[in-house]
Amino acid sequence: MTLQRQTRKKKKVRKFRVFMMVFLIAFLAIGGYAAYEYISASRAANADNNLSDEVEFNGSDENVDNVNVLVLGSDSRGGDSARADTIMIANYSSDTKQPKLISIMRDTYVNIPGYGYNKINAAYSIGGPELVRKTVTENFGIDINYYAEIDFKGFEKLVDAVAPDGIEVTVTPEMTTDQKALGVQLTEGTQRLHGEELLAYSRFRHDANGDYGRVQRQQEVLGKLKEEVASVTTVGKLPKMIGIANGYVSTNVRNGLLLSMGTDVLRGKTEDMQTMRIPMDDTYHDNRYDVGAVLEFNVGGLEQNAQEAQTFLNQ
């Protein structure tokens, strides 16, 4: 080998080494920043919520390719904090890549196993996620695999991490006049709302549509958040998002399953979210008992809702 060729080879080796050093430093810097973001967000969230990680939950491990997760939203800031303000069943099939969401209205009048008839959200205050699971399974014949319980403070933080520029929604005139119910000041019209404002928008139920409107807004917001998570710009926010979720969300969903579903969302493989509400229209009536105003199923209404829900989740 000539001296000239040896010199060129040494230069190539040096260039490669420099490139690898720059790449390694960049990798470590990014990894270090990601770890910092995750740890910082997780620590802050854990110090700011009232959720417990020691939760009894006896969900089914069968049919893990078509997963049902009981989603519970609770407010630890006072008022009705002992009852679940939001009760949903989130479904995901690894085969169809189809996310589905069933919202169960909190005043739905059902038989709570061992405690008799009451509003379904009372099951949460009596026996936590496990009793809600039993109630859903006994009344609607739906097997639940896992649970995810989120503090509303966590919802606000997650929204701001996922969508720092806010989520676009349309605020109605009724929402601008009932500030006591909202807790924040909103203005009428289409606009981008941040965490605290979007939570108020999602929970509002003091217009003519009452709890029905709230369920629709909750499903609307979750659908838009899914779109935000699937955007390319979200990848850099993942460590912080995961850290916040780790602190504000109590769940027994397996890490492998979370990773699989999250990967599908980020790669844009998932379909648009399909939604359903329980009770369905024309299957119930308003009534009042000692527990307050309730949504009571008509004759045969419970069976109809159960059948439709099972078909919706399994089709």
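What does the pLDDT of the protein average, and what share of the residues score at least 70? I started here, since this is a predicted model. The average is 77, and 66% of the residues score at least 70.

**Entry 1: confidence**

I then went through the elements. Helix α1, residues 3-46, has the lowest mean pLDDT, at 49, while β4 has the highest, at 98. I looked up residues 23-39 and found pLDDT under 50 throughout. For that stretch the model has seven contacts beyond four places in sequence. Residues 77-81 are also below 50 in pLDDT, and they have nine contacts in the model beyond near neighbours in sequence. My reminder to myself: where pLDDT is low, the predicted coordinates should not be read in detail.

**Entry 2: the nonpolar cores**

Which residues have the most contacts inside the largest nonpolar core? I noted Ile-102, Ile-104, Val-136 and Phe-140, in a core of 29 residues. At least two residues each come from β1 (66-74), β2 (86-93), β3 (99-104), β4 (109-112), α2 (122-140), β10 and α10 (301-314). Helix α2 gives the largest share of this core, seven residues.

Leaving out residues up to four places away in sequence, Ile-104 touches Ile-87, Ile-89, Ile-120, Val-136, Phe-140 and Ile-278. Another core, of 27 residues, lies apart from the largest one. Its members include Ile-150, Val-171, Leu-199 and Tyr-201.

**Entry 3: helix α3**

Why is α3 largely enclosed by the rest of the structure? I checked its residues, 152-162, and nine of the eleven are buried, so the helix is largely enclosed. The buried ones are Phe-152, Lys-153, Gly-154, Phe-155, Glu-156, Leu-158, Val-159, Ala-161 and Val-162. I was pleased to see Lys-153 and Glu-156 on that list.

**Entry 4: salt bridges**

How many salt bridges does the structure hold? There are five, and I wrote up some of them. The idea behind them is simple: side chains of opposite charge can pair when their charged atoms come close.

In helix α2, Glu-130 and Arg-133 sit three residues apart, about one turn of the helix. Their side chains meet in a salt bridge, at 2.8 Å from N to O. Both residues are buried.

Helix α7, residues 210-229, holds another pair. Asp-211 and Arg-214 are three residues apart there, so about one helical turn separates them. Their side chains meet at 2.7 Å, N to O. Asp-211 counts as buried because its relative accessibility is 11%, and Arg-214 counts as buried because its value is 3%.

Arg-277 and Asp-281 also form a salt bridge, at 2.6 Å from N to O.

**Entry 5: the loop between β10 and β11**

I finished with the loop between β10 (274-278) and β11 (284-289), where Pro-279 is found. Which kind of peptide bond joins Ile-278 and Pro-279? The bond is cis, with omega about 0°.

Asp-282 is found in this loop too. Its phi is near 65°, a positive value in a residue other than glycine. I also looked up its accessibility: at 74%, Asp-282 counts as exposed.

Conventions
Residues numbered from 1 in each chain as written. Predicted model: local features only at pLDDT ≥ 70, side-chain atom pairs only at ≥ 80, totals over all residues. Heavy atoms only, no water. Buried < 20%, exposed > 50% of the residue type's maximum accessible area, 1.4 Å probe, protein only. Helix = DSSP H or I, 4+ residues; strand = E, 2+ residues; numbered from the N terminus. Core = buried A, V, L, I, M, F, W, Y, C linked by side-chain atoms within 4.5 Å. Contact = heavy atoms within 4.5 Å. pLDDT = per-residue confidence, 0-100. Salt bridge = Lys/Arg side-chain N within 4 Å of Asp/Glu carboxyl O.
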